[in-house]
Amino acid sequence: LAASSMLAYLCYNRTKVWHSTKTLWEDVIAKFPYRVQTSYKNLGNYYADLGPTNPVYYDSAFTNYEILVKIHMADAGTYSNIANIYGIRKEYDKSLDAYNQALKMDSNNFDAHLDRAITLSVMKQYDSALKDYDFAYRLQPNSEKLLENRASTYIYIKQYANAVADYNKLITINPDRPDYYLSRGAAEYDKG
């Protein structure tokens, strides 16, 4: 009976650690510092997901991702996440460097190509952006995020026919989005 009570007590205390993503991965880091790559990546992702509610969380996410880089355990996804945070901070050159690092590790990384294209568009480097959009399109031709952003880039550079083609595809993929019809109409209007 005493052994069962002790095990029940230990199990109950352990559930406090497993209560949330944050407490779980902080516990792993405390017990195995710099040894379990997943703990830093998942804790970074946890904070990054909270970033839209409070930008301070991006700093915590960045710190965890940066540890992976320092201990040479970063993967393409880690570099993409770092690049995204640089982009949020409007440090676009650093963002591009991190995306480039991600693509060196995985040249077919859809998210890295797409997010680098978005960053290049923000920097008004439209030709380079379109190359990344087109590469990402070959990987995932039905990505709404890709098609929306590429269509916007086409509009900025006054390639309205290409924008209309992307909106046509978006409407085929998701006909219940009224903003696709509105944007297509605006592109048609601008086209003449």
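A crossing of two helices is left-handed if the near helix is turned anticlockwise from the far one by less than a right angle, and right-handed if clockwise.

**Figure 1. Crossing of helices H6 and H7 in a predicted model.** H6 passes H7 in a left-handed crossing. H6 covers residues 92-105 and H7 residues 110-122, where helices are DSSP runs of H or I with at least four residues, numbered from the N terminus. The two pack at an angle of about 155°, and their axes lie 10 Å apart. Axes are lines fitted to C-alpha atoms over the stretch in contact, and angles run from 0 to 180 degrees between N-to-C directions. H6 and H7 are therefore roughly antiparallel to each other, a term for angles over 145 degrees.

**Figure 2. Residues at the contact of H6 with H7.** Contact means heavy atoms within 4.5 Å. From H6, Tyr92, Ser95, Leu96, Tyr99, Asn100, Ala102 and Leu103 meet Ala112, His113, Asp115, Arg116, Thr119, Leu120 and Val122 of H7. These residues divide into eight nonpolar, four polar and two charged; Ala, Val, Leu, Ile, Met, Phe, Trp, Tyr, Cys and Pro count as nonpolar, Asp, Glu, Lys and Arg as charged, and the others, Gly among them, as polar.

**Figure 3. The setting of the two helices within the protein.** The secondary structure comes to eleven helices and zero strands. Along its principal axes the C-alpha trace spans about 85 × 35 × 30 Å.

**Notes.** In this predicted model, local features need pLDDT of at least 70, side-chain atom pairs count only at pLDDT 80 or more, and totals for chains, interfaces and linings use all residues. Residues are numbered from 1 along each chain as its sequence is written, and side-chain values use heavy atoms, with hydrogens and water left out.

Note on methods
Parallel < 35°, antiparallel > 145°, perpendicular 65-115°, else oblique.
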